[in-house]
Amino acid sequence: MDRSQWYIGTPNGIILCVDCAAGRQISGRFYNRYEREPTEFSNTEQMLFQFESFFDRIGFPYPSTAERIFQKKIREKEKRRKGAEEMSDQELLKKHGELGTFIVRVQHRQNSSWQGRITWMEEDRTLCFRSVWEMIKLIASAVETPGEEPEEKEP
């Protein structure tokens, strides 16, 4: 395998390890360079909130729109910093999921969504995504079992 697209390239690069998939729901863990331990998630929604929290913690990529919340905002600004790197790119690239492994590079957080690149490591394929939804569809299509019908909800 060529592996020419196996690189992190950004401070917010994530290695996404998918261990289980059922329809459009995935579960697994992800790694970043600032924490040695993985962040586990049990469904797609939880994964997205944890990604967003990670981006907010390191302050990159900076969101183009402010977060809207029901609670009163705290006046003190939280000082964001990247912190010390715990893992090198080489260590991160050694992590793998049971069903699939992806290098996620979110380049922009614009229009209340994400834009970036995702590399499916097992196939050494990189595609750009223009929204969170498009990223989820790319991941789900990569890990779905052939012949498996997507779950349909009854009205």
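Q: Before that, what kind of model is it?

A: This is a predicted model, in which local features need pLDDT of at least 70 and side-chain atom pairs count only at pLDDT 80 or more, while totals for chains, interfaces and linings use all residues. Residues are numbered from 1 along each chain as its sequence is written, and side-chain values use heavy atoms, with hydrogens and water left out.

Q: OK, how many helices and strands are there in the chain?

A: The chain has 3 helices and 6 strands, where helices (H or I, at least four residues) and strands (E, at least two) are DSSP runs, numbered from the N terminus. Read from the N terminus on, the elements run β-β-β-α-α-β-β-β-α.

Q: And what share of the residues count as buried?

A: Of the 155 residues of the chain, 38% count as buried; buried means under 20% relative accessible area, exposed means over 50%, and partly exposed is in between, with a 1.4 Å probe and protein chains only.

Q: Now the sheet: what is the order of its strands?

A: The 6 strands form an open sheet in the order β3-β2-β1-β4-β5-β6, and their pairing is antiparallel; two strands pair if DSSP finds at least two bridges between them. Because β3 and β6 stand at the edges with a single partner strand each, one side of each is left without a neighbour in the sheet. From one strand to the next, the twist averages 25 degrees; for such angles, axes are lines fitted to C-alpha atoms, for helices over the stretch in contact, and angles run from 0 to 180 degrees between N-to-C directions.

Q: How many bridges join β1 to β2?

A: There are 7 bridges between β1 and β2, which run antiparallel, and C20 stands opposite S27 in β2. These two strands form a hairpin with 2 residues between them, and G23 in the turn has a positive phi of about 65 degrees.

Q: What about β2 and β3, then?

A: They also run antiparallel, joined by 4 bridges, and a hairpin connects β2 to β3 through 2 residues. G28 stands opposite F41 in β3, while F30 has T39 of β3 as its bridge partner.

Q: Why is β2 called largely enclosed?

A: That is because 7 of the 8 residues of β2 are buried, so the strand is largely enclosed by the rest of the structure.

Q: Let's switch to α1. Which of its residues are buried?

A: In α1, the buried residues are T44, M47, L48, F51, F54, F55 and I58. They cover an arc of only 125 degrees around the axis, which puts them on the same side of α1; the arc is that of the directions from the helix axis to the C-beta atoms. The face turned away from that buried side carries the exposed residues E45 and F49.

Q: What do the buried residues of α1 pack against?

A: They pack against β1 (14–22), β2 (25–32), β3 (35–41), β4 (100–108) and α3 (132–143), and contact here means heavy atoms within 4.5 Å.

Q: Is T44 buried or exposed, by the numbers?

A: T44 is buried, with a relative accessible area of 5%. Leaving out residues up to four places away in sequence, T44 touches R24, Q25, I26 and I136. A polar atom of the T44 side chain lies 3.1 Å from the backbone nitrogen of I26; a polar contact is a pair of N or O atoms within 3.5 Å, where within protein one must be able to donate a hydrogen and the other to accept it, and residues adjacent in sequence count only if both atoms are side-chain atoms.

Q: What is found at the start of α1, and what follows the helix?

A: At the start of α1, a side-chain oxygen of N43 reaches to within 3.2 Å of the backbone nitrogen of E45. After the helix comes G59, whose phi is positive, near 70 degrees.

Q: Last one: which residues of α3 are buried?

A: In α3, V132, M135, I136, I139, A140, A142 and V143 are buried. Seen down the axis of α3, they fall within an arc of 160 degrees, so they line one face of the helix. These buried residues pack against β1, β2, α1, β4, β5 (115–120) and β6 (125–129).
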